[in-house]
Amino acid sequence: MNGERARQGARPPVAEEADAVVVGARCAGSAAAIALARAGRRVVALDRARFPSDTLSTHLLFPGALLELRRLGALDRVRELGAPPMPRALIGGAGLTAAARYPPFDGADHAMCVKRVGLDAALVDTARAAGAEVRERCSVTDLVWRDGRVCGVRWRSREGEEGELRAP
């Protein structure tokens, strides 16, 4: 890519500075962006999708995951998706089946099964509300290196915009 840009005579994009760059804004990426933004950092998260974005996945959220969503400030948004509480666990295998209620812990006594399209969008909205900048439809095209360490990324939007983000 760098050679192609040099042959075309184009200047590299001006580098933007952030405290943190998060590549991928789904579950883990949004959670990281939320925590960093709440800690007062300038965070930019890049994702090639536009949210809400469907993916072939569903998440069974056990009580511990619901507590984590509450800590992140996303639980109310996830509850608004309309998934019913599941107060009993049922597992089976090798001819055995076990069923039990979830023991209450810190107010969580059930699981929920939500579609990723809603979960990811709720987390992205929470990241934005926390102060993170989420750029959708942007793919990372290269890593920026300095002194043997990655110090940033180059990205391109589906609309053809290009940029460089650097972070310590």
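Biologist: Which two side chains meet in a salt bridge at 3.4 Å, N to O, and what does that term cover?

Modeller: A salt bridge is a side-chain nitrogen of Lys or Arg within 4 Å of a carboxyl oxygen of Asp or Glu, and here the side chains of E133 and R42 meet in one, with 3.4 Å from N to O. E133 lies in strand β8 (residues 133-136) and R42 in the loop between α2 and β3, so the pair ties together parts that are 91 residues apart in sequence; helices (H or I, at least four residues) and strands (E, at least two) are DSSP runs, numbered from the N terminus. This is a predicted model, in which local features need pLDDT of at least 70 and side-chain atom pairs count only at pLDDT 80 or more, while totals for chains, interfaces and linings use all residues. Residues are numbered from 1 along each chain as its sequence is written, and side-chain values use heavy atoms, with hydrogens and water left out.

Biologist: With which residue does R42 form a salt bridge at 3.8 Å?

Modeller: That partner is E16, the closest N and O atoms being 3.8 Å apart. The pair links distant parts of the chain, since E16 sits in strand β1 (residues 15-17), 26 residues from R42.

Biologist: Is R42 buried, partly exposed or exposed?

Modeller: Buried means under 20% relative accessible area, exposed over 50%, and partly exposed in between (1.4 Å probe, protein chains only). R42 has 34% relative accessibility and therefore counts as partly exposed, E16 is partly exposed at 27%, and E133 is partly exposed at 32%.

Biologist: Where do E159 and R137 lie, and how far apart in sequence are the parts that they tie together?

Modeller: The side chains of E159 and R137 meet in a salt bridge of 3.0 Å, N to O. E159 lies in the loop between β10 (149-157) and β11 (162-166), and R137 in the loop between β8 and β9 (138-146), so the pair ties together parts that are 22 residues apart in sequence. E159 is exposed, with a relative accessible area of 56%, whereas R137 is partly exposed at 21%.

Biologist: Which residues does D120 touch, leaving aside those up to four places away in sequence?

Modeller: Contact means heavy atoms within 4.5 Å, and by that reading D120 touches R26, C27, F51 and T55, not counting residues up to four places away in sequence. D120 is found in helix α5 (residues 116-130), and with 0% relative accessibility D120 counts as buried.
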